[in-house]
Amino acid sequence: MSLDLRYTTPGLQHNAIEPHATVAVWDGDHLTVHDTTQSIHQTGHYLAWRFGVPASHVRVRAEFLGGGFGGKFAVWPGTVIAAMAAKAVGRPVRLALSRTAVNRATGGRTASTNRIALGATRDGRLTSLIQDSITRTGSAGGLLEATSSPARHLYGAENMLTRQNLVAMDLMPNTWLRAPGEAIGSFVLESAMDELACELSMDPIALRLRNEPTKDPTGGKKFSQRMQREVFETGAERFGWADRNPEPRSMRDGEWLVGMGTATAYHPVLRLVADVKVRLSDDGSVLVQCGFHEMGMGAATVQAQIAADALGIAYEKVRVEYGDSALPSGPMAGNSNQTATVATSVLAACAELTRKVSALARRTGTTGQEPAAALRAAGRPFLEASVGSNTRLGALGSQGRFLTNFLKDQRWSKAARGAQFCEVRVNADTGELRISRWLGMFDVGRVINPKTAASQLRGAVVTGIGMALSEQSLIDPRNGRTMSAGLDSYYLPVHADIPPIDVAWLDEPDKTMPLGIIGLGEVGTTGVAAAIANAVYHATGKRIRDLPITLDKLL
């Protein structure tokens with residue numbers, strides 16, 4: 001049995017609630033910038049290079065960010081223009097992009113064309129898997145969209161070939177957008193797996209589990225943790241998958257055709273490095289400093305929890321400072337890396353601080369008392385420990401620590417995983433499509449804060465729903481101009497488009513990661529578009545291979 005299929009996805013834009021904005025002020029050759037950025041330290045280094053000043057002379061602040069999703073990693077023209085203007089007029093300058101300007105002056109996700117071919121035995125064992133993808137970059141740059149990532153790691157096919165082709169075009173450089181590569185790749189692969197299951201008359205979950213690999217298919221590495229079978233089995237029971245009649249167009253509720261679909265969710269693990277300072281004061285309070293980012297996901301809350309637990313003090317006594325390049329250098333906020341990256345250094349700094357406090361307690365005879373008692377007995381207002389390029393714990397420097405973490409992590413194949421379950425209703429007369437139920441079941445390691453984790457996963461699912469049903473960048477082929485530059489022509493999902501989203505996780509720590517944390521910001525987007533397309537096929541018998549799934553494709 002073999003299939004040779006073609007899938008396409010359109011370009012996408014970010015459209016975060018907060019548009020890009022910059023306030024820039026010069027004081028001699030010192031520049032301070034308040035910017036909507038997900039990478040304050042990288043932005044500072046870029047501006048220092050661009051204006052020919054030492055990096056220490058540039059301070060970038062971004063305490064809160066009203067949405068980023070990858071669109072605020074790069075330094076786009078507005079930031080540089082604001083700094084140029086401030087230098088020219090000798091006074092502070094504020095520049096805020098309109099919604100239209102955001103969509104025409106900052107990059108989004110590339111469009112893609114994908115060929116995928118699957119070969120399998122009659123009992124559903126994959127013998128071959130081929131994915132050939134075409135994506136674009138801009139003539140002024142852009143990023144490779146790793147669309148083959150799911151195909152290279154999810155299933156144990158005997159023969160595999162993945163190829164990514166890049167075409168440079170005279171368009172804005174493309175950039176990261178939530179789950180870059182994996183969002184597209186999971187739509188392609190997981191839609192094709194559903195088609196194969198239909199051709200073989202197999203349950204789609206059974207087909208996926210039959211091809212579960214024992215080691216990474218392309219690298220041969222052991223999995224640090226792989227609980228794909230558990231998320232599918234637990235999720236199927238919770239969702240009521242057994243009630244599904246596998247025949248297309250067989251489930252109906254009055255004028256509504258009902259369909260159920262599923263797909264695998266997958267996102268690889270990335271861990272960078274962070275410099276962290278932790279200070280214990282004689283009043284028992286703790287200050288954690290690191291230049292990481294808060295975009296609404298509760299990053300500061302989680303790091304305060306981690307520090308409080310590591311030091312054995314109440315959460316209310318911990319204060320976290322972040323979002324300022326004057327603080328110890330933190331990682332960019334993206335690729336689901338920030339929580340695990342910062343936690344690694346927070347734990348190390350807390351361990352060093354505990355060692356110092358214990359030594360001081362022995363000298364002052366306050367062993368067994370609260371940590372701050374040792375400081376008061378010694379007459380010291382505070383005691384601190386740091387993890388960074390100039391400390392004993394960070395003697396290798398930031399690059400060395402990154403290499404150390406990278407080499408450790410490369411011993412294993414690491415990823416956040418999940419299973420998406422979707423129920424749709426399609427009006428038999430009008431073609432109107434509504435998602436009526438959703439469940440995302442995930443293997444994301446240890447969850448530090450269930451409230452913020454659930455919020456992140458639900459938001460990621462909403463991103464995938466937009467990708468599946470409505471979002472697309474329309475480009476004028478005559479001049480490369482973005483035509484869908486406002487929310488009147490770029491259709492984001494609204495409340496009426498979103499069903500109750502149930503999310504759950506196994507909460508099984510990955511023993512190779514700090515505190516067992518894997519990272520979960522983006523895995524919730526992967527598999528969403530495929531689960532919807534598969535549910536639409538089950539409801540209507542129509543296979544949609546070109547996103548978005550609009551009304552005209554269902555009539």
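D253 is partly exposed, with a relative accessible area of 42%; partly exposed lies between buried (under 20% relative accessible area) and exposed (over 50%), using a 1.4 Å probe and protein chains only. This is a predicted model, in which local features need pLDDT of at least 70 and side-chain atom pairs count only at pLDDT 80 or more, while totals for chains, interfaces and linings use all residues. Residues are numbered from 1 along each chain as its sequence is written, and side-chain values use heavy atoms, leaving out hydrogens and water.

D253 pairs with R425 in a salt bridge, defined as a side-chain nitrogen of Lys or Arg within 4 Å of a carboxyl oxygen of Asp or Glu. R425 sits in strand β17 (residues 415-427) and D253 in strand β10 (residues 252-253), 172 residues apart. Helices (H or I, at least four residues) and strands (E, at least two) are DSSP runs, numbered from the N terminus. R425 is partly exposed at 23%.

Strand β17 also holds E423, whose partner R437 is in strand β18 (residues 433-443), 14 residues away. E423 is buried at 9% relative accessible area. R437 is partly exposed at 31%.

D502 bonds to R238. D502 lies in strand β19 (residues 501-505) and R238 in helix α7 (residues 228-239), so the bridge ties together parts 264 residues apart in sequence. Relative accessibility is 28% for D502 and 47% for R238.

| Salt bridge | N to O distance |
|---|---|
| R425 and D253 | 2.7 Å |
| D502 and R238 | 3.0 Å |
| E423 and R437 | 3.3 Å |

The whole structure has 26 salt bridges. Shared partners join R59, R61, E63 and D324 into one network.
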